[in-house]
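User: Could you take a close look at the cavity in this model for me? I would like to know what lines it and how the surrounding parts are arranged.

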Amino acid sequence: MKIIKVSNAGVGMIGPLECHSVSDGQGLFDTNFFGLVLLVKEVLPDMKRRRSGHIVVMSSIMGIQGLLFNDVYSASKFAVEGFCESLAVQAMKFSVKMTSGAWSGGDRV
């Protein structure tokens, strides 16, 4: 049986950097990045043991290209993209797929 886990959690933060507290930014990273890390830590060991599975991460175009007044949000999504790229290499050694990407209007960007 192949296990597929989809991660689609995320919160946004729009506005000039100086209008947001560090605490707000940490909360955003807790959801957008560390939430994903916690999820992967839960499911990856079993997938590796089974040598099967697929983790799909819904990211954002802002993890590839920053956008005005989305500084902290973009940083969190860049972190997600880097995490997934790095993890995909080690997961591949256990026949586990890791897919991340930005989707827009039903089409992958």
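Analyst: The protein has 2 helices and 5 strands, where helices (H or I, at least four residues) and strands (E, at least two) are DSSP runs numbered from the N terminus. Along the sequence their pattern is β-α-β-α-β-β-β. This is a predicted model, so local features need pLDDT of at least 70 and side-chain atom pairs count only at pLDDT 80 or more, while totals for chains, interfaces and linings use all residues. Residues are numbered from 1 along each chain as its sequence is written, and side-chain values use heavy atoms, with hydrogens and water left out.

Now to the cavity itself. A search of the whole structure turns up 1 cavity of 30 Å³ or more. Here a cavity is a set of points, on a 1 Å grid over the protein atoms alone, where a 1.4 Å probe fits but cannot get out; lining residues have an atom within 4 Å of a point. Grid points are joined across faces, edges and corners, and the volume is the space filled by probe spheres set on the points.

At least two lining residues come from each of α1 (22–50), β2 (54–58) and α2 (71–92).

Let's follow β2 onward. Strand β2 runs parallel to β3 (residues 97–101), and 5 bridges join them; two strands pair if DSSP finds at least two bridges between them. Within this pair, His54 stands opposite Lys97 in β3. The chain passes from β2 through α2 to β3 in a right-handed β-α-β crossover, meaning that, with the strands pointing away from the viewer, the path from the first strand over the helix to the second runs clockwise.

Helix α2 also contains Met92. Met92 counts as exposed because its relative accessibility is 58%, with buried meaning under 20% relative accessible area, exposed over 50% and partly exposed in between (1.4 Å probe, protein chains only). Between Met92 and Arg51 there are 9.3 Å in space, C-alpha to C-alpha, and 41 residues in sequence. Across the protein, 37% of the 109 residues count as buried.

Methods:
1 Å grid on protein atoms, 1.4 Å probe; cavity = no way out; pocket = protein on both sides within 12 Å on 5 of 7 lines; lining within 4 Å.
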